Amino acid sequence: MSDSPSAKACDVVVIGSGPNGFAAAITLARAGKSVLLLEAKDTVGGGMRSTELTLKGFVHDVCAAIHPLGATSPFFRSLPLKEHGLEFIHPDAPLAHPLEDGRVAMLERSLNATAAALGEDAAAYRNLLAPLSRDPEPLFDELLAPLHIPKHPLRMASFGLRAVRSATGLADAKFKGDLARGLFAGNAAHSFLPLDKPLTAAVGLMLMLSGHAFGWPVARGGSRAIAASLESYLKSVGGEVRTNHPVASMNDLPPARAYLFDVSPRNLARIAGDQLPARFANKLNRYRHGPAAFKLDWALSEPIPWTNPACLRAATVHVGGTIEQIAASERATWGTEPSDRPFVLVGQQSLFDRSRAPGERQQTGWAYCHVPNGYTGDMTQRIEAQVERFAPGFRDTILARHAMRPADFEAYNSNYIGGDITGGVQDAFQLFTRPTARWSPYTTPNPSIYICSASTPPGAGVHGMCGYHAARSALKRAFR
């Protein structure tokens, strides 16, 4: 750690200004600690940034765009972020999932309305989700936490019996029709795992429950608005933020009692150097990263011309077709070459936030698919062909495009190893042992060094819970 005269000592230094870095800093500042948050770039945000990637006046979210876990997060719900400028916009429906024959499954805020449109699977959908949707806040408090003795064991058991299965296994057991099966598969595919793997059902259930209970909102003005509100609130409780401060080693940090790193395990090992035992550093370097993202942003002359216009009721559209087609796409991402028909997550935020596009009819489009880690190919044509399948004439609406390959993601944020935007594989072997197997996964053998990134439980998403729990660990251990 730096001992230069200009290095100002404080209680806590947080490295990285993603949602978890901010959550850690805010939690510690609210506990009365003096906190300094450092960000390498000239603006805060990590994955919560927005800018004009295509044409002037078209505001695109660089990474995170839709925020189901932002609305769900117990930590975010505890903050007065609206008073600090954040406005979440809720589309008419959280999600649309079109099929090639023109039918569409809509994830509505109402569980009953969603079920009623699923035909032969209406009763099965209600029976699966209704028991979990009653009083959902305590359930998400439990789910968005590290491994622990649950405060609501019966509720957790009810969820766990459903969630421990693979997505395809649960869908085969519960649903008969393509609408319900496709809707569930699209949600489960957010896991970045093959859909026949255990626990992929958990991701599908969490996202669908979140849609019913809290919605899938977008932030007015772009995801950068979340970062701006967190920064404003942190400063209001006494925290300090310093940008343009890259950290290559512990020598770049001022003296403090605790250091919390919102970085990947490999980057923590590199920065900490001999401040961590070699054996522990080796474990950090062996941490597994999974498939990457290939992303396109579009400036569009008009809304996407979906075959079924019901898709325009949602800011999020899952483009992938049937469960079989989505499962094949996700399986391919663990090989060397992605599917010719990839599962594509489409965001059309400007339909609900007119600050994002300049013209009366003009829109922004945001989309990505999963590809093998470090993939160097170009998915532009395949992504646009997939959207065209469900929205004939889509290509004619494109005014300009911007692509981000896996290498671009890692260059943008060094924690996105090989283009992995989720902070590492979240399978049965690494869900609760991320980044290593420790009773408190946020701690290290050095009582002053902690990790608070998405590479800790509960994992990826703009929810801040990794940072919150890491800060609680630091309060108990470093400050007792």
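Start with the aromatic pairs: a search of the whole structure finds nine of them, a pair being two rings of Phe, Tyr or Trp (its six-membered ring) with centres within 6.5 Å, called stacked if the planes are under 30 degrees apart, edge-to-face if over 60 and tilted for the rest. The model is predicted: local features need pLDDT of at least 70, side-chain atom pairs count only at pLDDT 80 or more, and totals for chains, interfaces and linings use all residues. Residues are numbered from 1 along each chain as its sequence is written, and side-chain values use heavy atoms, with hydrogens and water left out.

Select Phe140 and Phe214. Their rings are edge-to-face, 5.7 Å centre to centre with 80° between the planes. Phe140 lies in helix α6 and Phe214 in the loop between α10 (200-213) and β8 (218-219), so the pair ties together parts that are 74 residues apart in sequence. Helices (H or I, at least four residues) and strands (E, at least two) are DSSP runs, numbered from the N terminus. Phe140 and Phe214 are both buried, that is, under 20% relative accessible area, against over 50% for exposed and partly exposed in between (1.4 Å probe, protein chains only).

Next, select Trp298 and Phe394. The ring centres are 4.8 Å apart and the planes stand at 75°, so this pair is edge-to-face. Trp298 is in strand β11 (residues 292-300) and Phe394 in the loop between α15 (380-390) and β15 (398-404), 96 residues apart. Both Trp298 and Phe394 are buried. Then pick Phe75, Phe76 and Tyr468, which form one aromatic cluster.

Move to the largest nonpolar core, which has 99 residues. A nonpolar core is a set of buried Ala, Val, Leu, Ile, Met, Phe, Trp, Tyr and Cys residues joined through side-chain atoms within 4.5 Å. Tyr125, Phe159, Phe184, Leu230 and Leu260 have the most contacts inside this core. Centre on Phe159: leaving aside neighbours within four places in sequence, its contacts (heavy atoms within 4.5 Å) are Leu132, Leu139, Leu143, Ala202, Leu205, Met206 and Leu209. A second, separate core of 29 residues includes Ala93, Leu300, Ala310 and Phe390.

Now show helix α14 (residues 323-332). Its buried residues are Ile323, Ile326, Ala327, Ser329, Glu330 and Ala332. They pack against β6 (93-98), α8 (167-174), α9 (178-188) and β14 (363-371).
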